Amino acid sequence: MHANATLVNYLHLCHRKLWLHANQIRMEHTSEAVAEGKQLHEHAYPQRAERYREIILDGSKIDFYDPYDKVVHEIKKSDKLEHSHMAQVQFYLYLLRRNGIEGATGLIEYPKLRQTQTVRLDDDDVPVVEAWVADIERIVSSDQCPERIAKSKCRSCSYFDFCYAEEE
Amino acid sequence: MKQPKYLFNAGRMSRHDNTLKFTPVDEEGNEGQSRHLPIEQVSELYVFGSLDANSALYNFLGQHGVSVHFFNYYEHYTGSFMAREYLLAGKMQVEQTKAYLSAKKRIVVAQRLIEGAAANILRVLKYHTNRNAGRRDESIPTAIAVIEQLLMSVPGTNDVPMLMGIEGNIRQTYYSTFDTIVGETFCMDGRSKRPPQNELNALISFGNMLCYTACLSTIYHTQLNPTISFLHEPGARRYSLALDIAEIFKPILVDRLIFRMINKRQLQPSDFRAEIGGCVMKEAARKRFVQGFDELMKETIKHRSLGRSVSYRHLIKLECYKLQKHLLGVEEYRPFKAWW
C-alpha cells in the first residue's frame, strides 16, 4: 500500500475511513460536502497567480504549489482548523523534502474562516511523518476493518450512512 | 438532487451540449416541442415508450453513470443499458464471491433475506387484519399463523433449494390473502406470471419489475457486484442480487401501493385490457402507477439508527451498505424490517 496525502488525512480522522477508502470502498461521490469542497477549490481564489502549479509527487497531488517561494497551498472548506489538515500538508512537505526540495513551507487557507495557517516541517518532524506512513501500512494491510469512532463528527462524514445503518 | 425519469412518450433523446434533449414524436412522425433535461438531475431513465437514440447519447449517459432500463409493449422488463462500473473494489468483489462460494456463508445471507421478506409480508398482513377486523373472515389471521410457522423453519435450513421451498410456501400463503384484501374489485385467483393471467397479477408483475430495477440502480451506485447473489442463483437470469434485495422491499413498496391505489379507486378493472394469453395495463393506468411508485420512493421515514429522515429509495441503499458490511466482516447483516 502506497501512503498518499488523502490517507494521511484520514489516518488523523478515522481509521475505519482510512481502511475503507484504501480498500476502494468509497462514499465520497455521494457526499454533498465533498462536492462543495470541490466547488470551493475551483472558485475560492479565481485570481490565483499563474506561477502556482499542480504537481504530483509519489502518487500525491499538490493542487497549488508555488515553486518560487516554495510554498504549498492547501484550501479547506472546513469552518475549523483541524489537526488532520496540518498532517496532510506536513506530508506534502515531507514528500518535497524526499524529492530534494529543502525548506518548503505550507499554507492552509480557510476561505470560510478568512484565516490561514502556516505549516512547517522541522528535522524532528520527519520521523513523525515516517511513523504515520508505517501506521497507514499497518492499518490498511489488516484483514479486519477498524471499529467506528463514536464521535459527533461522524454526522458530516460521507461514510455516516454506511457506518450507522443498522437494525434495532 | 438526482431523480429517476420515466419516458412514456415516443420520441428522440439526444445529447445537446452537456444536457439531454427529448423531442416527442407522434404517431404520424411529427416532431413536437423539445424539452431539455439537465444530466445532473437524472439518476436513471425508465423507457416505456419507443425511444430513438444514438451512440453519442449512450456515451454521454455512460460518462455520467446514468443507466437506462427498457420495458416492452407488455410492460415487461427487457433489459438495461448499464453504464461502466465506476466503483470497482477488488476486496469487496472477492469477499462477495467468497461468501457465495461457501455454502455455510451463503445460507446465512439467504436466510436473512427471507426473514426480512417474511417480516415485511407479516407487517402488511397485520395492517390488513385490523382493517378487516369487523368482517367475519379469518383468512388473514390464518395466513399470518401459517407464515409465522414457516418462518420458524428458516434457521434450520441448510441449503438454498430447501430455503426456496419455504419461501415459495410463504409467498403462496401471502398471495392467498389478496382476495380478502382487494377481492371486492379484483380477483387474485392464484399467482400467474409470464404472462400474468389477470389484472391483479399484471399489476403485481409490473410493480415487482419497478422494485427490481430500483434495486439494480441502487446496487450500481455501491461496490457490490449485481450478478453475485445469495438467495437466487447467480446469472440464472438478470442481475440476481437485485432480485435478492427486491424480496425485502416488494411487500412494502409494491404490494402496499397496489392495495392503497385499489382502495382509493385509483386503479380499476377497466384500466386493464385482456390480450391473447395475458392481461395488459392500459397506458394511463401505467402512468398513474409509476407516478404513485415514484412518489412513494420519495416519501421519508425517520430512520431509527441514523436518527434522520430517509426516503424509501435510500432504504434500499442502506440495505446494500449493511450487506457490504456483512461481507467485509464488519457487522452481521440484519435485514430491514418495517416497523410501521
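Author: One term is needed at the outset: contact means heavy atoms within 4.5 Å. The model under discussion is a predicted one.

Reader: Which strands of chain B does helix H1 lie across, and at about what angle does it run to S2(B)?

Author: Helix H1 of chain B covers residues 55-63. The helix lies across S2, strand S3 (19-24) and S6 of chain B. Its direction relative to S2(B) is about 60°.

Reader: In what order do the 4 strands of the open sheet in chain B stand?

Author: The pairing in this open sheet is mixed. One part of it is the pair of strand S2 (residues 11-16) and S6(B), which run parallel and are joined by 2 bridges. Within that pair, B:Arg12 stands opposite B:Asp52. Across the sheet, the order is S4-S3-S2-S6.

Reader: Which strands of chain B stand at the edges of this sheet?

Author: A strand at the edge has a single partner strand, so one side of it is left without a neighbour in the sheet. In chain B this holds for strand S4 (35-38) and strand S6 (51-52).

Reader: In the hairpin of S1(A) and S2(A), which residue takes a positive phi?

Author: Strand S1 (residues 53-57) and strand S2 (residues 60-66) of chain A run antiparallel and are joined by 4 bridges. A:Leu57 stands opposite A:Ser60 in S2(A). The hairpin has 2 residues between the strands. The positive phi, near 45°, belongs to A:Asp58.

Reader: How much area do chain B and chain A bury between them?

Author: The contact takes 29 residues from chain B and 24 residues from chain A. Of the buried area, 51% is on carbon and sulfur atoms. The area buried between the two chains is about 2300 Å².

Reader: How many salt bridges are counted between chain B and chain A?

Author: A salt bridge requires a side-chain nitrogen of Lys or Arg within 4 Å of a carboxyl oxygen of Asp or Glu. The side chains of B:Arg308 and A:Asp161 meet in a salt bridge, at 3.4 Å from N to O. The count between the two chains is 3 salt bridges.

Reader: Which helix supplies the largest share of the side of chain B that touches chain A?

Author: Helix H2 (90-101) and helix H10 (312-327) of chain B each supply at least two residues of that side. The largest share, 7 residues, comes from H10(B).

Key: Residues are numbered from 1 along each chain as its sequence is written. Chains are lettered from A and ligands numbered from 1 in the order in which they are written. This is a predicted model: local features need pLDDT of at least 70, side-chain atom pairs count only at pLDDT 80 or more; totals for chains, interfaces and linings use all residues. Side-chain values use heavy atoms; hydrogens and water are left out. Two strands pair if DSSP finds at least two bridges between them. Axes are lines fitted to C-alpha atoms, for helices over the stretch in contact, and angles run from 0 to 180 degrees between N-to-C directions. Buried area is the accessible area (1.4 Å probe) that two parts lose on being put together, summed over both.
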